[in-house]
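Trainee: I would like to learn how to read a model like this one. Can we go through it feature by feature?

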Amino acid sequence: MATVSGVLTWSVLIGTSVLCYAIKVVGYVVPARWLSHPRLQRINTLIPAVLLSALVVAQAFTHQTHVVLDHRAAGLAAAVAALVARAPFPVVVIAAAVTSALVYRLG
Amino acid sequence: MSRRTIRDATSVAVTVGAYGVAFGAASVAAGFSVLQTSLFSLVTFTGASQFAAVGVVAAGGAGLSAIVAASLLSTRNALYSLQMAPLLEAEGWKRFLAAHLTIDESTNVGLAQAGEGLVAVRQGFWLTGAGVFIFWNLFTLVGAWGAKSLGNPAAWGLDAAVPAAFLGLLWPRLTSARTRTIAAVAVIFSLALTPVLPSGTPIIASVVVAVVAGWRP
């Protein structure tokens with residue numbers, strides 16, 4: 001288990017919860033035209049794809065500020081294979097975990 | 001309530017709820033307690049953002065980076081609430097409950113019932129939102145307890161399960177050549193920034209790619 005400070009985990013939990021809820025409430029309380037600018041909508045629809053891509057990179061190929069290639073990359077390769085084979089989400093995650101754990105224990 | 005609405009809502013609620021196992025495990029592996037992990041699913045209740053918050057912490061990022069990454073990932077919920085507000089016409093406290101349940105699944109199942117009328121849209125939204133909430137929280141607890149009893153996350157592949165979960169969320173979005181190109185640019189961009197920026201911030205910086213790509217139609 002990673003050891004991180006309680007102050008860090010609680011502040012992340014509270015900060016994320018407050019901001020994510022505020023964002024959800026916005027559409028119910030502000031006039032529609034505020035968020036209907038086409039440029040804002042275009043950028044907003046692209047945000048999940050770029051953030052998720054960056055999160056995959058951060059989780060699979062980095063350690064602190066270093067780019068690394070380790071057991072997690074093998075796990076991710078298994079996930080790609082499962083996705084290409086149109087496997088359901090739990091199979092994708094389990095395939096990655098099993099492959100990564102095998103490489104980690106053999107390594 | 002039509003059978004189609006019930007079928008759509010329950011199948012989505014159970015399937016998506018099962019992702020909660022992956023979140024629960026990822027959160028505990030990142031160093032959050034079982035209580036904090038459960039509170040994430042109860043209070044934050046927007047899956048990709050929850051994964052992002054614990055993911056940045058797991059990567060050694062600062063708390064602020066985790067909060068910003070999670071919030072940016074949830075900005076689409078503002079557009080969902082904008083779409084749902086005139087359809088739900090919720091008043092008083094129901095409006096704030098509707099906001100809490102405004103996520104990818106409830107919005108999309110709700111809007112998918114449009115052919116059957118406004119009542120079906122509302123039923124689809126509320127049923128899916130409530131169903132995902134119940135299953136997401138139950139499965140989060142299962143994943144959190146499971147990870148807690150396993151110990152070293154790497155020995156069980158939990159550290160690879162998290163990027164795999166992100167990839168699973170990303171994959172269905174890569175439907176056009178343009179999105180695939182933008183995702184590839186974001187990958188290269190964040191890899192290039194990793195050695196020069198503090199941990200966690202390359203994730204936030206990747207938003208620049210979305211701003212540049214979306215600036216012009």
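Trainee: Which residues touch the most other members of the largest nonpolar core?

Mentor: Ground rules come first. This is a predicted model, where local features need pLDDT of at least 70, side-chain atom pairs count only at pLDDT 80 or more, and totals for chains, interfaces and linings use all residues. Residues are numbered from 1 along each chain as its sequence is written, while chains are lettered from A and ligands numbered from 1 in the order in which they are written.

Mentor: Now the general idea. In soluble globular proteins, nonpolar side chains tend to be buried together. A nonpolar core is a set of buried Ala, Val, Leu, Ile, Met, Phe, Trp, Tyr and Cys residues joined through C-beta atoms within 7 Å. A residue is buried if 20 or more other C-beta atoms lie within 10 Å of its own, exposed if 12 or fewer, and partly exposed in between, with C-beta atoms placed from the backbone. Here the largest core has 106 residues, and A:Val50, A:Leu51, A:Ala96, B:Ala26, B:Ala69 and B:Ala161 touch the most other members. At least three residues of this core come from each of domain 1 (3-171) and domain 2 (174-217) of chain B.

Trainee: What does A:Val50 touch?

Mentor: Contact means that the C-beta atoms of two residues, placed from the backbone, lie within 7 Å. Leaving out residues up to four places away in sequence, A:Val50 touches B:Ile182, B:Ala183, B:Ala186, B:Ser206, B:Val207, B:Val209 and B:Ala210.

Trainee: How many residues of each chain are in contact with the other?

Mentor: 66 residues of chain A are in contact with 86 residues of chain B. Helix 2 of chain A gives the largest share of the chain A side, 21 residues. Helices (H or I, at least four residues) and strands (E, at least two) are DSSP runs, numbered from the N terminus. By class, that side has 43 nonpolar, 18 polar and 5 charged residues. Nonpolar covers Ala, Val, Leu, Ile, Met, Phe, Trp, Tyr, Cys and Pro; charged covers Asp, Glu, Lys and Arg; the others, Gly among them, are polar.

Trainee: What radius of gyration does chain A have, against a compact globule?

Mentor: The radius is taken over C-alpha atoms, and the globule rule is 2.2 Å times the number of residues to the power 0.38. A compact globule of 107 residues would be near 13 Å, but chain A has 19 Å. Its C-alpha atoms fill a box of roughly 60 × 40 × 25 Å along the principal axes. Chain A has 4 helices and 2 strands, in the order α-α-β-β-α-α from the N terminus. Of its 107 residues, 45% count as buried.

Trainee: How is chain B divided?

Mentor: Domain bounds come from an automatic or database domain assignment. Chain B has domain 1 (3-171) and domain 2 (174-217). Their C-alpha centres lie 23 Å apart. 12 residues of domain 1 are in contact with 9 residues of domain 2. Helix 4 (residues 63-73) of chain B gives the most to the domain 1 side, with 5 residues. That side has 9 nonpolar, 3 polar and no charged residues.

Trainee: Is B:Pro153 buried or exposed, and why?

Mentor: B:Pro153 is buried because it has 26 C-beta neighbours inside 10 Å. B:Pro153 sits in the loop between helix 8 (118-150) and helix 9 (158-170) of chain B. In helix 9 of chain B, 13 of the 13 residues are buried, so this helix is largely enclosed by the rest of the structure.
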